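My entries follow in the order I made them.

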Amino acid sequence: VQLQASGGGLVQAGGSLRLSCAAPRNIFSVFDMGWYRQAPGKQRELVARITSGGVTNYADSVKGRFTISRDSAKNTVALQMNDLKPEDTAVYYCNAQSTRQGHWGDGTQVTVSS
């Protein structure tokens with residue numbers, strides 16, 4: 001299963017970026033979708049997740065700044081990131097998760113300069 005993530009880049013603190021992840025329709029329609037990130041020297045951590053039914057949850061560090069959403073017509077999940085901070089710098093990974101399977105996309109680098 002291939003998850004294709006895009007939208008990373010370099011931005012100044014306070015700026016915005018939008019990440020997008022495309023999944024196969026059979027995966028997208030039933031799996032929970034999420035974004036994780038991994039900074040150098042740190043463990044991968046959950047950023048935001050949205051269930052197949054549209055319920056969302058966020059890491060405390062991004063609440064109020066990031067928004068995750070699903071587009072069922074395009075089989076994509078997006079992460080809108082506003083008011084970015086240097087500590088948001090990391091490689092961001094798209095994830096599709098069910099009770100039995102998990103799939104990861106290639107990471108996309110997000111760098112926030114101070």
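**Entries**

I began with Thr76, which counts as buried because its relative accessibility is 16% (buried is under 20% relative accessible area, exposed over 50%, partly exposed in between, with a 1.4 Å probe and protein chains only). The model is predicted, so I noted that local features need pLDDT of at least 70, side-chain atom pairs count only at pLDDT 80 or more, and totals for chains, interfaces and linings use all residues. Residues are numbered from 1 along each chain as its sequence is written, and side-chain values use heavy atoms, with hydrogens and water left out.

I placed Thr76 in strand 8 (helices, H or I of at least four residues, and strands, E of at least two, are DSSP runs numbered from the N terminus). I then listed its contacts (heavy atoms within 4.5 Å). Leaving out residues up to four places away in sequence, Thr76 touches Ser20, Cys21, Ala22, Phe28, Ser69, Arg70 and Asp71.

Four strands form an open, antiparallel sheet in the order 1-3-8-7 (two strands pair if DSSP finds at least two bridges between them). Strand 1 (4-6) and strand 7 (66-71) are the edges, each pairing on one side only. Strand 3 (residues 17-22) and strand 8 (residues 76-81) are joined by six bridges. Within this pair, Cys21 stands opposite Val77.

Then I turned to the core. The largest nonpolar core has 29 residues (a set of buried Ala, Val, Leu, Ile, Met, Phe, Trp, Tyr and Cys residues joined through side-chain atoms within 4.5 Å). Met33, Trp35, Leu79, Met81 and Tyr92 have the most contacts inside it. Strand 9 gives the largest share of this core, four residues. I checked Tyr92 beyond its neighbours within four places in sequence: its contacts include Leu19, Trp35, Phe66, Leu79 and Val110.

I found four salt bridges (a side-chain nitrogen of Lys or Arg within 4 Å of a carboxyl oxygen of Asp or Glu). Asp88 and Arg37 meet at 2.9 Å, N to O. Asp88 lies in the loop between strand 8 and strand 9, and Arg37 in strand 4, 51 residues apart. Arg65 also bridges to Asp88, with the closest N and O atoms 2.8 Å apart. Which of the two ends is buried at 1%? Asp88 is, by relative accessible area. Arg65 is buried at 10%. Shared partners join Arg37, Glu45, Arg65 and Asp88 into one network. Lys63 and Asp60 meet at 3.1 Å, N to O. Asp60 counts as exposed, at 64% relative accessibility.
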